[in-house]
Amino acid sequence: MRFLPVCVVLLALGAVQAFGSAADGKTVYDAKCKICHKADGSGMPVMKMRALGSAEVQAKSDADLKKDFTAGNGKMKAIVVTDPQAADLVAYIRTLKK
């Protein structure tokens, strides 16, 4: 029974990490994404780069967003990020919702 509180805390910390940090995601975004999607995520329509705050992008699941930028999606080349960076990047993209 003494280990139950420790297990609960460890599980909670793992759940928090799984959701990602928008602040850390902005750092990844600035380094790897803003060149095509602009600093504000508005994209470049002339190059068919979507606005990341658009309903179409925001309707995607977290897993689909991660797949888009880690595996590429036909329009976009894959970027190399760690799993935690991918979670952070998704968290940041969610802040761009219009």
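This is a predicted model: local features need pLDDT of at least 70, side-chain atom pairs count only at pLDDT 80 or more; totals for chains, interfaces and linings use all residues.
Residues are numbered from 1 along each chain as its sequence is written, and side-chain values use heavy atoms, with hydrogens and water left out.

**Overall fold.** I found six helices and zero strands, where helices are DSSP runs of H or I with at least four residues and strands are runs of E with at least two, numbered from the N terminus. Buried residues make up 28% of the 98 residues, buried being under 20% relative accessible area, exposed over 50% and partly exposed in between, with a 1.4 Å probe and protein chains only. I also looked at contacts (heavy atoms within 4.5 Å): among those between residues at least 6 apart in sequence, 53% join residues at least 24 apart.

**Core.** Which residues touch the most other members of the largest nonpolar core? I found that Phe69 and Leu89 do so, among 15 residues; such a core is a set of buried Ala, Val, Leu, Ile, Met, Phe, Trp, Tyr and Cys residues joined through side-chain atoms within 4.5 Å. Helix H2 (22-32), H5 and helix H6 (83-94) each give two or more residues to this core, and H6 supplies the largest share, five residues. Leaving aside residues up to four places away in sequence, Leu89 touches Gly25, Val28, Tyr29, Cys33, Phe69 and Ile79.

**Ala63.** I then turned to Ala63, which is found in helix H5 (residues 62-71) and is exposed, with a relative accessible area of 53%. Its C-alpha atom is separated by 8.9 Å from that of Val90, 27 residues apart along the chain.

**Pocket.** The largest pocket is lined by 23 residues, of which His37, Met49, Leu52, Asn73 and Met76 lie nearest its centre. For this I used a 1 Å grid over the protein atoms alone, a pocket being an open set of points where a 1.4 Å probe fits, with protein on both sides within 12 Å along at least five of seven lines, and lining residues having an atom within 4 Å of a point.
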